[in-house]
Amino acid sequence: MNRISLIRLLIKKHKLNNYLEIGVFNGKVLFRVKATFKIAVDPAFKFDALRKLGKTFLNPYNLFNRYFRKTSDRFFAEDAPALFAHRKIGIALVDGMHEYQFALRDVENTLRYLDDNGVIIMHDCNPLTPEAAGSFEAWKARDFTGQWNGDVWKAILYLRSTRPDVHVFVLDCDHGLGVITKGTPESMLSYTPEEIADFTYADFDRSRREWLNLKPAGHAHSFFGI
């Protein structure tokens, strides 16, 4: 199970055709998704018109992609209200800047436009090493080598501590796939935003299973009936 296979299954089995992707990079996920309405948001897409053409030949759904070359904050401020006024988001992949506050804003902004049966998938929720969980500056100092998940895990803690209106868990695969849906939580945490901001990777490593509500990859099949 990875983010691509999960997204494909949800679209196929639950007809979640309106797709939003934040943090597209080279289009590895976007171009392989088969949905009739796809919105791509990234301030620096890593592909050109020729690659778009080739990916449209392989997957005709890409013909109708809409690209927004801007930060997600600008997208939600300038474009989302009109785009989603009459067509809610069915499924979203949040895979932009891998830092807590950025990831949290992306999820909370997406929730404003999410269909009642919609699903948000957040990548990079389960870093396995202190280096992978480090800051952007630390990753930059390594010349952008090695895995970087950042502290996206803190967004999971925040949602599970402050949002009684969403159900949140993390699948133990593909660097940790956070799954967020509307509804009653399975359980909640009780941390304050100040506590969450101060937690370290060592704190997380001691409590990751509880904090993330970590589930085996196969849990997606039973939870979504796929």
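**Terms and cut-offs**

Mentor: Cys 125 counts as buried, because its relative accessibility is 0% and buried means under 20% relative accessible area, with exposed over 50% and partly exposed in between (1.4 Å probe, protein chains only). The model is predicted: local features need pLDDT of at least 70, side-chain atom pairs count only at pLDDT 80 or more, and totals for chains, interfaces and linings use all residues. Residues are numbered from 1 along each chain as its sequence is written, and side-chain values use heavy atoms, with hydrogens and water left out.

Trainee: Why is Cys 173 called buried?
Mentor: Its relative accessible area is 12%; the limit is under 20%, so Cys 173 counts as buried.

Trainee: How do you know how many disulfides there are?
Mentor: A disulfide is a pair of cysteine sulfur atoms within 2.5 Å, and by this rule the count is zero. For Cys 125, the nearest cysteine sulfur is that of Cys 173, 11 Å away, so Cys 125 is in no disulfide.

Trainee: Why is Lys 70 called buried?
Mentor: Lys 70 has 13% relative accessibility and therefore counts as buried. Lys 70 lies in the loop between strand E3 (66-68) and helix H3 (72-78); helices (H or I, at least four residues) and strands (E, at least two) are DSSP runs, numbered from the N terminus.

Trainee: What makes the pairing of the Lys 70 and Asp 79 side chains a polar contact?
Mentor: The two side chains are joined at 2.8 Å. A polar contact is a pair of N or O atoms within 3.5 Å; within protein, one must be able to donate a hydrogen and the other to accept it, and residues adjacent in sequence count only if both atoms are side-chain atoms.

Trainee: Which residues does Lys 70 contact, leaving aside its neighbours within four places in sequence?
Mentor: With contact meaning heavy atoms within 4.5 Å, they are Val 41, Asp 42, Pro 43, Phe 75, Glu 78 and Asp 79.

Trainee: What makes helix H7 (residues 153-162) mostly covered?
Mentor: Nine of its 10 residues are buried, including Trp 153, Lys 154 and Arg 160. The buried residues of H7 pack against several elements, among them helix H5 (100-111), strand E5 (114-122) and helix H9 (201-212).
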